[in-house]
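Have the sequence and the 3D view side by side.

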Amino acid sequence: MQRKPAGRIVRKAPLAGARRAHPRATHRAAAGTTLLMVGTRKGAWLFRSDPQRRKWTIDGPHFLGHIVNHLTLDPRDGTTMLMASKTGHLGPTIFRSTDMGRTWTEASRPPAFPKAAEGARALAVDYTFSLAPAHPSEPRAWYATTCPPGLFRSEDAGVTWTPVAGWNEHPMYWKWNNPDAGTPDGSILQWVTIDPRDPAHMYIVTSEGGVFESHDHADTWRPLNKNVEAVFMPNPNPEFGQDTHCLQMHPLAPDRLYQQSHCGIYRLDRPGDEWVRIGRNMPEEIGDIGFPIVLHPRDPERAWVFPMDGTTVWPRTSPGGRPAVYLTRDAGESWERQDRGLPRAQGWMTVKRQGFCADDRDPLGLYFGTTCGELWTSPDEGRRWRQLAAHLPEIYSVAAMTVA
Amino acid sequence: MRVLIPSQLRSYTHAAEVAGVGSTLEELTQNLDAQFPGIRFRIIDEQDRIRRHIRIFVNGEAVNTLATALAASDEVQIVGALTGG
């Protein structure tokens, strides 16, 4: 039996037709509490703040022992929460809640590839990596991305899912992807990013192909990787083959894209198609390697990254054991270190692709979760940091939303 | 026939042992899914392969294909194995 939802969204996602705001335009989000949705290798946790974001309550574990790659709430209806889950033994599925995580029901048809013809190469979903609400004009539609690289769509708020043939059966699929290789977590289609001005215009990113763009609702795709390095390839500047860890489109300036790649931090201003490596402006001793990148929702010039060591055998831990986020206020022309409150030494943190996020409050709250199970927050746009939780399982994803 | 359910799947069956029908393992998994919606995809992938960390035994003998023939008197045991940590 479903119970009454505990909260509703105060701020909605950017509307279609949004135009670029003044670079420094800000407005104060309505009062509310911040809901943090944390997916880990061993279950999910929900953290709720007081209106000032000083005190937090913890709710969990949900689905203890389940591998939760992503957990998020639909900003369009404020009630539909979806969780991408599997276990060590059991296959992948999607759980849904419409009462802020009190009760859950399983999708009746989780993401799955079509049955392959006899003798054809066959794909099976290993896990769903991310869940993304579709355009606001398609209010019950969602996308799911998987390992191996698959794109799936739901028209009924996550109850049933169908493969998106335009990607999964693209004539170039087996050239653009290598499902048998990939990252330590497999070959992944990591993100869907949808243009708020046009539901048919979207980008996806993969771990063996880089960025791809569609203008026709995912029917056709083309690579968008010019100038993005792939130093692990014989040709370090291929048309495709890059490993994009995270792509962000600014909600108020959708022609501005940022990506944190396996090989640096980049910016692209459309309709241009040549990425600029803004990570070259990071301090040399820090480098520009990492997994996530987070944007300021009211300022297209500001972005944060969490640098990790990409030298020698690529430890992917905070450089020198001194964790910090780096902020740019000028679209990557310069970067400043923010580490107040973080360990000064012996802090060997790794933050994965979906492990760093922002809320929509003013000042902006930032949140990241580490692979050693620490959850950190800054209530003032990165100036000060404090630990919200330690000793959680390995954190895969952190999503924040303001709820009433 | 008697079907023994591992702890990992009891959120579906709420029982350690259930009754199922089918003349093949494929039919049995379809029957179990009709009784306990969603259970099949957790143990059989979309290419009709038994998932990597699921083992199925018929009368104590390991089987690896859904084409395995079954009789009503058989005992089928589903086991979650070889993962964790």
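This is a predicted model: local features need pLDDT of at least 70, side-chain atom pairs count only at pLDDT 80 or more; totals for chains, interfaces and linings use all residues.

Residues are numbered from 1 along each chain as its sequence is written, while chains are lettered from A and ligands numbered from 1 in the order in which they are written.

Start with the largest nonpolar core, which has 120 residues. Such a core is a set of buried Ala, Val, Leu, Ile, Met, Phe, Trp, Tyr and Cys residues joined through C-beta atoms within 7 Å. Buried means that 20 or more other C-beta atoms lie within 10 Å of a residue's own, with C-beta atoms placed from the backbone. Leu36(A) is among the residues with the most contacts inside this core. Beyond its neighbours within four places in sequence, Leu36(A) is in contact (C-beta atoms within 7 Å) with residues including Phe47(A) and Val398(A).

Next comes an open sheet of chain A, with strands (DSSP E runs of at least two residues) in the order 4-5-6-7 and antiparallel pairing. Strands pair if DSSP finds at least two bridges between them. Strand 4 (67-73) and strand 7 (105-106) of chain A each have a single partner strand, so one side of each lacks a neighbour in the sheet. Six bridges join strand 4 to strand 5 of chain A. Thr72(A) stands opposite Leu82(A) there.

Turn to chain B. Its pattern along the sequence is β-α-β-α-α-β-β-β. Buried residues make up 29% of its 85 residues.

Terms used. A residue is buried if 20 or more other C-beta atoms lie within 10 Å of its own, exposed if 12 or fewer, and partly exposed in between; C-beta atoms are placed from the backbone. Two residues are in contact if their C-beta atoms, placed from the backbone, lie within 7 Å. Helices (H or I, at least four residues) and strands (E, at least two) are DSSP runs, numbered from the N terminus.
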